[in-house]
Amino acid sequence: RPDGWWIQAGYKLAGLNLEIPYINNFELVARAERENDKQGTKTDRYTAGLVYYFSNTLLFEGDYMLTQSHGLNPLPPNSFVIQLSYGF
(Lines give C-alpha, C1' and ligand atoms only; values in the text may rest on other atoms or scores of the structure.)
Protein backbone atom coordinates (compact mmCIF):
# COMPACT_ATOMS: atom_id res chain seq x y z
CA ARG A 1 0.00 0.00 0.00
CA PRO A 2 1.89 3.07 -1.21
CA ASP A 3 1.27 6.39 0.47
CA GLY A 4 2.05 10.01 -0.12
CA TRP A 5 0.78 13.56 -0.22
CA TRP A 6 0.84 16.61 -2.46
CA ILE A 7 -0.01 20.29 -2.26
CA GLN A 8 -0.28 22.72 -5.12
CA ALA A 9 -1.07 26.36 -5.76
CA GLY A 10 -1.80 28.46 -8.82
CA TYR A 11 -2.29 32.14 -9.51
CA LYS A 12 -3.80 33.48 -12.72
CA LEU A 13 -2.12 36.76 -13.63
CA ALA A 14 -5.48 38.27 -14.62
CA GLY A 15 -5.85 39.02 -10.90
CA LEU A 16 -3.17 41.71 -11.20
CA ASN A 17 -5.41 43.84 -13.50
CA LEU A 18 -2.48 44.78 -15.75
CA GLU A 19 -3.07 46.38 -19.15
CA ILE A 20 -0.41 44.24 -20.86
CA PRO A 21 -1.56 42.19 -23.88
CA TYR A 22 -1.88 38.42 -23.27
CA ILE A 23 -0.74 38.61 -19.61
CA ASN A 24 -4.26 37.74 -18.40
CA ASN A 25 -3.96 34.34 -20.12
CA PHE A 26 -1.02 33.16 -17.97
CA GLU A 27 -1.16 31.22 -14.71
CA LEU A 28 1.78 30.49 -12.39
CA VAL A 29 1.69 27.05 -10.75
CA ALA A 30 3.73 25.28 -8.05
CA ARG A 31 3.49 21.82 -6.52
CA ALA A 32 5.28 19.80 -3.84
CA GLU A 33 4.79 16.08 -3.32
CA ARG A 34 6.18 13.10 -1.45
CA GLU A 35 5.64 9.42 -2.25
CA ASN A 36 6.65 6.17 -0.57
CA ASP A 37 5.93 3.11 -2.73
CA LYS A 38 6.47 0.75 0.26
CA GLN A 39 8.88 -1.28 -1.88
CA GLY A 40 11.95 0.68 -0.91
CA THR A 41 11.65 3.85 -3.01
CA LYS A 42 10.93 7.28 -1.54
CA THR A 43 10.51 10.30 -3.79
CA ASP A 44 10.28 14.06 -3.15
CA ARG A 45 9.31 16.22 -6.12
CA TYR A 46 9.02 20.00 -6.49
CA THR A 47 7.47 21.53 -9.61
CA ALA A 48 7.22 25.10 -10.89
CA GLY A 49 5.46 25.98 -14.09
CA LEU A 50 3.48 28.27 -16.29
CA VAL A 51 0.14 27.70 -18.06
CA TYR A 52 -1.10 29.69 -21.06
CA TYR A 53 -4.84 29.57 -21.77
CA PHE A 54 -5.70 29.89 -25.46
CA SER A 55 -9.34 29.34 -24.43
CA ASN A 56 -11.11 27.75 -21.49
CA THR A 57 -10.61 24.31 -23.09
CA LEU A 58 -7.22 24.65 -24.83
CA LEU A 59 -4.07 25.31 -22.81
CA PHE A 60 -0.30 24.99 -23.07
CA GLU A 61 1.75 24.00 -20.01
CA GLY A 62 5.45 24.07 -19.26
CA ASP A 63 6.86 22.72 -15.99
CA TYR A 64 10.27 22.09 -14.48
CA MET A 65 10.41 19.26 -11.91
CA LEU A 66 13.17 18.83 -9.34
CA THR A 67 13.13 15.21 -8.17
CA GLN A 68 14.97 13.58 -5.28
CA SER A 69 14.38 9.83 -5.36
CA HIS A 70 16.11 7.14 -3.30
CA GLY A 71 15.66 3.38 -3.27
CA LEU A 72 15.30 0.42 -5.59
CA ASN A 73 13.56 2.21 -8.49
CA PRO A 74 14.66 5.88 -8.35
CA LEU A 75 13.20 8.39 -10.78
CA PRO A 76 15.38 10.61 -13.00
CA PRO A 77 16.72 13.62 -11.05
CA ASN A 78 15.16 16.57 -12.94
CA SER A 79 12.98 17.04 -15.98
CA PHE A 80 11.27 19.65 -18.12
CA VAL A 81 7.74 18.81 -19.25
CA ILE A 82 5.64 20.58 -21.88
CA GLN A 83 2.15 19.62 -22.95
CA LEU A 84 -0.81 20.86 -24.92
CA SER A 85 -4.17 20.01 -23.35
CA TYR A 86 -7.65 20.09 -24.83
CA GLY A 87 -10.72 19.40 -22.73
CA PHE A 88 -14.24 18.72 -23.93
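View 1. The charged end of Arg-31 sits over the ring of Trp-6, 4.5 Å from the ring's centre. To count as a charge over a ring, NZ of Lys or CZ of Arg has to be within 6 Å of the ring centre and within 35 degrees of the ring normal. Another case is Lys-12, which lies over the face of Tyr-53 at 4.3 Å from the ring centre. A quick note on the model: it is predicted, so local features need pLDDT of at least 70 and side-chain atom pairs count only at pLDDT 80 or more, while totals for chains, interfaces and linings use all residues. Residues are numbered from 1 along each chain as its sequence is written, and side-chain values use heavy atoms, with hydrogens and water left out.

**View 2. Arg-31 and its salt-bridge partners.** The structure holds four salt bridges, meaning a side-chain nitrogen of Lys or Arg within 4 Å of a carboxyl oxygen of Asp or Glu. In one of them, Arg-31 meets Glu-33 at 2.9 Å, N to O. Arg-31 is partly exposed at 27% relative accessible area, whereas Glu-33 is buried at 18%. (Buried means under 20%, exposed over 50%, and partly exposed in between, using a 1.4 Å probe and protein chains only.) In another bridge, Arg-34 and Asp-44 come together at 2.6 Å, N to O. Arg-34 belongs to strand E2 and Asp-44 to strand E3, so this pair ties together parts that are 10 residues apart in sequence. Salt bridges with shared partners also join Arg-31, Glu-33 and Arg-45 into one network.

**View 3. Arg-45, tucked into strand E3.** Arg-45 is part of strand E3, residues 42–53; strands (E, at least two residues) and helices (H or I, at least four) are DSSP runs numbered from the N terminus. With 18% relative accessibility, Arg-45 counts as buried. Beyond its neighbours within four places in sequence, Arg-45 has contacts that include Ala-32, Met-65, Thr-67 and Leu-75, where contact means heavy atoms within 4.5 Å.

**View 4. Lys-38, a loop residue with a positive phi.** Lys-38 is found in the loop between E2 and E3, and has a phi of about 60° although it is not a glycine. Most residues other than glycine have a negative phi. The side chain of Lys-38 forms a salt bridge with Asp-3 (3.2 Å, N to O). Asp-3 lies in strand E1, so the bridge ties together parts 35 residues apart in sequence. Tyr-22 also has a positive phi, near 70°, and lies in the loop between strand E1 (3–12) and strand E2 (26–36).

View 5. Tyr-52 and Phe-54 have ring centres 4.9 Å apart and planes at 75°, so the pair is edge-to-face. Rings of Phe, Tyr and Trp (its six-membered ring) pair if their centres lie within 6.5 Å, and planes under 30 degrees apart count as stacked, over 60 as edge-to-face and the rest as tilted. Tyr-52 is buried at 15%, but Phe-54 is exposed at 51%.
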